[in-house]
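Please read it beside the sequence and the model.

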Amino acid sequence: MKTIPVAVQMFTLREESERDFAGTLRKIADLGFDGVEFAGYGGLSPVEVRALLDELDLRAAASHIPLDQIKNNLKQVIEDQKVLGSKYVVCPFLMPDERTDEDYQALLPILEKAGAACRREGLTLCYHNHEFELERLKDGRMALEAIFDDTNAEYVQTELDIYWLKKAGEDPVEWVKRYQQRTPVIHLKDMTTDEEQFFAELGTGGVDIESVLRLGEEAGVQWWVVEQDVSRLTPFESLEISMNYLKTKLPYLSKK
């Protein structure tokens, strides 16, 4: 089994990070994670964050960068990623007023242009999905299909979020297979099996996590990223449960 590292999406720990960014990173390292995917840098400079990562033996898996920054400040974004050691720039979200058919058509060249610029600098641009991209466009396709099928795979790669795929009635395994070798980063998330379909710790819900994990090497996954948008436990308790589950499925994690 290929050793694919596991990171935490820092949005999971947004409140903890706001109170104590360095302490939060330290606890992530203590739980046995290999790295983090950033959603902001806690008010620190990339140089300061990199120093913390090096001190804690953590790596920067990727960074979620708002679309307006990708459009208007990409040069600085790229320089920041180089400092952090992050290879993946991720477009994380579209605002509700950015989701019409015309908006998606306008988005494609923006992503391609940014992706080409990232590629020239040794980085990769990815697009992260939620549920709304699984809605149909006027041509019958899902918006997420259009984003990936109408852009160059060299410039725009996927960051599939398996919770949101499942919630939209899709099979995450089929999406990973469909875009294999275009899936360097995958969000691992589980979902309760009741009507609420709430966010769940890995292994406690109804998402077929294990089948996704088995596809990792074949699909070209470089990072697994654990994210839990909301938890009924503390975020650290949830992350510990999820990591303990992953240790049962990814034996190399237990050797750390």
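## The second largest pocket

The second largest pocket has a volume of about 210 Å³. A pocket is an open set of points on a 1 Å grid over the protein atoms alone, where a 1.4 Å probe fits and protein lies on both sides within 12 Å along at least five of seven lines; lining residues have an atom within 4 Å of a point. The volume is the space filled by probe spheres set on the points, and grid points are joined across faces, edges and corners. In this pocket 14 residues form the lining, and F11, A39, H64, P92 and F93 lie nearest the centre. By class, the lining of the second largest pocket holds 6 nonpolar, 4 polar and 4 charged residues. Here Ala, Val, Leu, Ile, Met, Phe, Trp, Tyr, Cys and Pro count as nonpolar, Asp, Glu, Lys and Arg as charged, and the others, Gly among them, as polar.

The model is predicted: local features need pLDDT of at least 70, side-chain atom pairs count only at pLDDT 80 or more, and totals for chains, interfaces and linings use all residues. Residues are numbered from 1 along each chain as its sequence is written, and side-chain values use heavy atoms, with hydrogens and water left out.

## The largest pocket

The largest pocket holds about 240 Å³ of space. Its lining is made up of 15 residues, and those nearest the centre are R59, A60, G85, K87 and W223. Strand 3 contributes the most, with 3 residues. Helices (H or I, at least four residues) and strands (E, at least two) are DSSP runs, numbered from the N terminus.

What classes of residue make up the lining of the largest pocket? The lining divides into 7 nonpolar, 3 polar and 5 charged residues.

## Overall form

The chain contains 12 helices and 10 strands. Its radius of gyration, 17 Å, is close to the 18 Å that the globule rule gives for 256 residues, so the chain is as compact as a globular protein of that length. That radius is taken over C-alpha atoms, and the rule is 2.2 Å times the number of residues to the power 0.38. The C-alpha trace spans about 45 × 45 × 35 Å along its principal axes.

Of the 256 residues, 54% count as buried. Buried means under 20% relative accessible area, exposed over 50%, and partly exposed in between (1.4 Å probe, protein chains only).

Eight strands form a closed barrel in the order 1-2-3-4-5-6-7-10, with parallel pairing. Neighbouring strands of this sheet are turned by 30 degrees against each other on average, direction ignored. Axes are lines fitted to C-alpha atoms, for helices over the stretch in contact, and angles run from 0 to 180 degrees between N-to-C directions.

Strand 1 (residues 6–9) runs parallel to strand 2 and is joined to it by 3 bridges. Two strands pair if DSSP finds at least two bridges between them. V8 has V36 of strand 2 as its bridge partner. Strand 2 (residues 35–38) also pairs with strand 3, in the parallel sense, over 4 bridges. Within strand 2, G35 and E37 point one way while V36 and F38 point the other way, and all are buried.

## Residues of strand 3

E37 stands opposite A62 in strand 3. A62 is buried, with a relative accessible area of 0%.

Is A61 buried or exposed? A61 counts as buried, at 2% relative accessibility.

## Loop residues with positive phi

Most residues other than glycine have a negative phi. D57 is not a glycine, yet its phi is positive, at about 60 degrees. D57 sits in the loop between helix 3 and strand 3 and is exposed, with a relative accessible area of 69%.

Q181 also has a positive phi, near 65 degrees. The loop that holds Q181 lies between helix 9 (172–178) and strand 7 (185–188). Q181 counts as exposed, at 54% relative accessibility.
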